[in-house]
Amino acid sequence: PRATLLSEYRPFSHLIDAVELDFRLAPNATRVRSRIAFRPNPAGEGGPLRLDGEGLTLISARIDGKDVAPRILPGGLVCEVPDGPFTWEAEVEIDPASNTALEGLYMSNGMYCTQCEAEGFRKITYYPDRPDVMAPFTVRIESDLPVLLSNGNPASREGGVAEWHDPHPKPAYLFALVAGDLVAHEDAFTTMEGREVALAVWVRPGDEGKCAYAMDALIRSMRWDETEYGRPYDLDVFNIVAVDDFNMGAMENKGLNIFNSRYVLASPETATDGDYGRIEAIVAHEYFHNWTGNRITCRDWFQLCLKEGLTVFRDQQFTGDMRSPAVKRIEDAHLLRGRQFREDNGPLAHPVRPESYVEINNFYTATVYEKGAELIGMLRRLVGPDAYRRALDLYFERHDGEACTIEDWLAVFEDATGRDLAQFKRWYSQAGTPRLAVETARDGNALAVTFRQSTPPTPGQPEKRPVVLPVALGAIGPDGTELMPTRVIEVTEAEQTERFDLPEGAVLSILRDFSAPVILTREQSAQDRALLLAHDTDPFNKWEAGRTLAKDALVAMITDDRAPDTAYLDALAPVLGDETLDPAFRALVLAIPSDDDLAQTLASAGTTPDPQRIDRARHALIGALAKHLEEQLSGLYDAMRIDGPYSPDAGDAGRRSLRNAALLLLSHRDEGARADAQFEAADNMTDELAALTTLLRIDRADESVARFHDRWRDDRLVIDKWFSVQVMHAPGPKAADVAARLTEHPAFDWKNPNRFRAVMGALGANHAGFHAEGGTAYDLLADWLVRLDPVNPQTTARMTTLFETWPRYDADRQALMRAALERIGNAPGLSRDTSEMVSRMLG
Ligand code: DPP
Ligand code: ZN
C-alpha cells in the first residue's frame, strides 16, 4: 500500500453545510442513510466527488433527488457532480455484529458503539473522511434498545426513535453513536456562562455503583478548564459511555465521549490507586479535547500532535494541580523515558509531526503524545506562564472552528510573544532523543559550564541539527544550602559555554524539573549526587540524584559483578525518614529502576544488555536494600498504615504507595509474612493487589492466586489484573509457560483487547521473561499476533512494538526477535497496520 505524505496535502474539493444521518440498527444488517449538502470549496481543485468508504454495501445513491451510479473503487467511490451546490443522498448496509476490528460501528456485549478516529467513519457511510471537512450533524437512530445516544443535544425522542443535533461543525472522526441497555449515573454542571449542563456516565446494569469517581473527575475538569484556560463547555449535555471492547483508552467524540470501561469504572474494592489516577487523568484529557481537538481540530493526521501534545500537557497540568506537581512531573518524566525514549532510540523513531504514514493508527504513539506534550511544556518554559496564557487565548480566538497545523500553532506564539520560533520548530520535524553532555571548568569562583548537544541518526534522518533546549539549573553548597536558585539557560548551539559565579564545592543541579526531553550525560561523583539527593530544592532533581545513584550501583553490579554500593544505601535512609517529604515522593525515591530501564541505559552507553544479569543484579540490590534498611522499612510499613475508610485522594494514595514499596522489600526478610497478612486483611484493591504482587515476586503466591481468582471471578476488570500480574511477575524462565497456560484458561477471551493485553502485554513487560534464553516468549507472542491480526489489526499492530528493542540485544536474541517479526510479516493476508509496523522494525 502507498504511503500518505504530508507534502501531498490538498484541500478537499467540496465543503459541507449540513449532514443528516439516519440509522436503522440491526446486528448484521444496519441501514445508514445519509443526506449531505455539498458545495464547491473555493480553495479546492474542482473535479468529481471522491468519497471514502470501506466494507459498505451501497444500496442507492442520489444527487439532488435523481439516482446516480457512482464508480465504486477500493476504499471509496467517485461520482460526477454538478458545478454548484448539490445534495448527496445514499443508503448503505453494514454489519456491526461481525466487526471485530472495533473500528466504525461495532457491537460489544449487545450494545452498539462507534470508534471513528482516525479513519473509522468510512466504515459507516461514504464520506470525505478527513479532519479538515467540518459540518454540523443531525442524527436519527431507530432501535428497540432503550438508550440511544449521539453527539450534540437531544432533539426528540419518540417510541423507538431518537434524534440528536450537534450545532458545532465537526470532522467525521468525532462522530459517535451508542445504543444499548444502559444505566446512567447523573449529575449537573453550571458553566461560567450560566449554561446548565446535564452530565451522565452510562454503563451496563450492575456497574452503576462504580461511576462516582469518573463523574467527580469530570466536574473538576470542567471547572479547571474554566479557571485555568477560560474555556466553558458548549452543549446542554455531556455523556460518557463505558465500553468493554475498546482498542484505545478513550475517545473525545463531541458531547459523547466513549471510554474503555477500565478508565471509567472504579470502586475501592476493585480499583487501585493507580486506576483512580488514570481515570481522573483520562476523563480530564478527553474533556479538555472539547477545545483542543474538537473546537480547534487538525487539518490532516500529520498534525495529530497539535491536539494530542497540547491535550496531554493540559491533563498533566490538571493532575499536578489536583495532586502533587512534583510527583506528577517525576512520573511523567519516568514514563517518557520508559516509553518514548525507547521508541525514539529504536527502529520506530519518528518525528513528533511525522511526514509519511501507511496506516495512521500506527502513529498514536508516545512520541506524538508524550514528546508532543514536552514540546508544549518547553514552549511554556521559554515564554513564561503569562505569555503562554496570552498565546493560548489568541489561539482560541483566532482558530475557533478551524482545522489547523503546527505552523498555525507556532504563529500564534510568535504573534503573542514576538519570539522567533524557527529553530524551535525543529523539535517537530527531527526524530531522536538529543544527548546533552555537560562539562565544567573552574577558575577561582568562575565556573564555566559547557553544554554539547547532539542527536543520533534515526531512520531516514542521518543528520541532525541543534535544537532549542531550555535548561533549568541551580546550585547547592557543600553544607546543603541553596547557592543559586533555578534559572533557565537556553542552549541553542551544538556547543555553548555559560559562566556562573559560584564558590568551590558548589554542586550544580542541572535540568531541573526535567526541563527538556534529553538524555543528560555528566560525570558527577557519588558524593555530589548524595548531596543533591539530600538537599536539592528541586524535587525532580532530588529524585533524579537517587535514581542515578541506583543506576550507577546497578550498572557496576551488572558489568563488573560488584557488590551493591553501600554509599547508595546510606544516602537513601535519611530521605526515607524525612517526615517533611510527601510519602508519594519517598515511594518514588525507593523504587528501583526497572530491567527495561537498565537495558536501555546500558545500550545507550554502548554495552549489550544481558537480561539475566540485569535481573540478578536488580534482585541483589533489592535484597541488599531490604537488609540494610530493614528496621526503617518495618517502621515505615507500620507508620504508613491507614485506619478508616478508603479514600482515593493523593494523600492516602501516597501513604499506600510508600507502605507497599516497603512491603515488597520486607518480603525479602520475612518470607512474605506481612504480605500474606495484608492479602487477607485488605479492604481495598490497592493493598490486596500489592500483597499479591509481592507474593508473586518471591514466588510464594500459588494459594493467593487461586483465592484471588475465586474472589473476583465475576469482575472482568479485576480478572484482567489477575491475568496480568501472574505473567508480569513470573520468574524469568517461567514467564512464557505461565502466559501460555493462561491463554488456555476459559476466561482468556483473546478477542477482547484488555484481556489480550493483560497476558501478552504483561509478557512483553516482564523483561527477563520476554528475553529468556531460547526465545520461547518471542515465539508465543508472534503466534498470538498472527492469530489476532485478521480479527483486530489495530491492537495487533500496537502490540508488535514489544519487539522494537531488538537492536539492543546480543546476536542470538536479535536473530530470534527478527525471526519472530519475519514470521508475523509473512503471515498470509497480513493487515496494512501490522505490515507497516513489521517492515519499519526490520528496516
Ligand atoms: N483521540 C483519542 C485520545 O487520545 C485517541 N485515543 O484521546
Ligand atoms: Zn487525546
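**Backbone, ligand and helices**

Author: D64 lies in the loop between β5 (57–63) and β6 (66–67). Strands here are DSSP runs of E with at least two residues, helices are runs of H or I with at least four, and both are numbered from the N terminus. The model is predicted: local features need pLDDT of at least 70, side-chain atom pairs count only at pLDDT 80 or more, and totals for chains, interfaces and linings use all residues. Residues are numbered from 1 along each chain as its sequence is written, and chains are lettered from A and ligands numbered from 1 in the order in which they are written.

Reader: What phi does D64 have?
Author: The phi of D64 is positive, about 50 degrees, although D64 is not a glycine.

Reader: Which residues does the cis peptide bond join?
Author: The bond is between E117 and A118, with omega about 0 degrees. A118 belongs to the loop between β11 (111–115) and β12 (135–142).

Reader: How do you know which residues surround ligand 1?
Author: A residue counts if its C-beta atom, placed from the backbone, lies within 6 Å of the ligand. By that rule the shell is E117, M248, G249, A250, M251, E252, H285, E286, E308 and Y364. Both β20 (250–251) and α2 (273–288) supply at least two of the shell residues.

Reader: How do these shell residues divide by class?
Author: There are 4 nonpolar, 2 polar and 4 charged. Ala, Val, Leu, Ile, Met, Phe, Trp, Tyr, Cys and Pro count as nonpolar, Asp, Glu, Lys and Arg as charged, and the others, Gly among them, as polar.

Reader: At what angle do α9 and α10 pack?
Author: α9 (residues 526–535) and α10 (residues 539–560) pack at about 145 degrees, with axes 7 Å apart. The axes are lines fitted to C-alpha atoms over the stretch in contact, and angles run from 0 to 180 degrees between N-to-C directions.

Reader: What makes up the contact of α9 with α10?
Author: Contact needs C-beta atoms, placed from the backbone, within 7 Å. Among the residues that qualify are A526 and L533 of α9 and N541 and L549 of α10. By class, the contact has 6 nonpolar, 3 polar and 2 charged residues.

Reader: How confident is the predictor?
Author: On pLDDT, its per-residue confidence from 0 to 100, the protein chain averages 98, and 100% of the residues score at least 70. The complex has an ipTM of 0.98 and a pTM of 0.99.

Methods:
Two residues are in contact if their C-beta atoms, placed from the backbone, lie within 7 Å.
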